[in-house]
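Welcome! Open the structure in your viewer, and let's walk through it one selection at a time.

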Amino acid sequence: SIALPEQRGQQPAIEDVFSLATVDDLVGTKQSFRAMPLIPTPVPRSPAILQRQRRRALANPLIRSGLFGTDAQVAALTVRLSASLSDEQTAQAVETIRRVVADQQRRVPRTRYFISGQAVIDADMASYQLRDLRRAIPLCYALVFLIMFVFVRRLLSLLIAGAALTLSLA
């Protein structure tokens, strides 16, 4: 289970999860059928039962096309975050998902996991921009003060240049 950041009175961060554990399998005949969870709750621990469920998933074209790669060696887990999350909540949700995936990677090291999607891209871009600004602004201040000192060598001119730089950045 994943605990994602939520604000009081708001809907949960995760809107929907589509995976082998949540997908429904159609059971029945041509005349009648019913939708049942592919993986029962609680999840079985027996490798034989899990292998049987995997074969059922691969045999069902609806499940296979939505969750497996063409070679059946890759499985997808789709998590849809709520559209009403703020940028900060989205970044926290992505970080929480990364921690869960990293924990799972440590438990099963031979399995590789990849995280992608618009929420991940947005969170990463915001993080990179913040990191770059934290480096660039002090460097910009130092460069302006150095250039002003070389050309003017007056304290009042340095203070005016610093004030102008601060106003332009703000």
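Start with the second largest pocket of this predicted model: its lining divides by class into 7 nonpolar, 3 polar and 3 charged residues. Select Asp87, Thr90, Ala119, Asp122 and Ala123, which lie nearest the centre of this pocket among its 13 lining residues. Now colour α3 and α4, the elements that each give two or more residues to that lining. Which of the elements gives the most to it? That is α4, with 5 residues. The space in this second pocket comes to about 230 Å³.

Next, move to the largest pocket, with a volume of about 2,500 Å³. Select Ser19, Ala75, Leu77, Gln104 and Tyr113 to find its centre; these lie nearest to it, out of 50 lining residues. To see what surrounds them, show β1 (14–18), α1 (47–59), β4 (78–81), α3 (87–107) and α4 (118–151), each of which gives two or more residues to the lining. Colour the lining by class and you will find 31 nonpolar, 13 polar and 6 charged residues.

Now zoom out to the whole chain. Following the sequence, you will pass through the pattern β-β-β-α-α-β-α-α-α, with 5 helices and 4 strands in total. The radius of gyration is 26 Å, well over the 15 Å that the globule rule gives for 170 residues, so the chain is more spread out than a compact globule. Turn the model along its principal axes, and the C-alpha atoms fill a box of roughly 90 × 40 × 25 Å.

Of the 170 residues, 20% count as buried.

Definitions and conventions: Residues numbered from 1 in each chain as written. Predicted model: local features only at pLDDT ≥ 70, side-chain atom pairs only at ≥ 80, totals over all residues. Heavy atoms only, no water. 1 Å grid on protein atoms, 1.4 Å probe; cavity = no way out; pocket = protein on both sides within 12 Å on 5 of 7 lines; lining within 4 Å. Points joined across faces, edges and corners; volume = space filled by probe spheres on them. Nonpolar A, V, L, I, M, F, W, Y, C, P; charged D, E, K, R; others polar. Rg over C-alpha atoms; globule rule 2.2 N^0.38 Å. Buried < 20%, exposed > 50% of the residue type's maximum accessible area, 1.4 Å probe, protein only.
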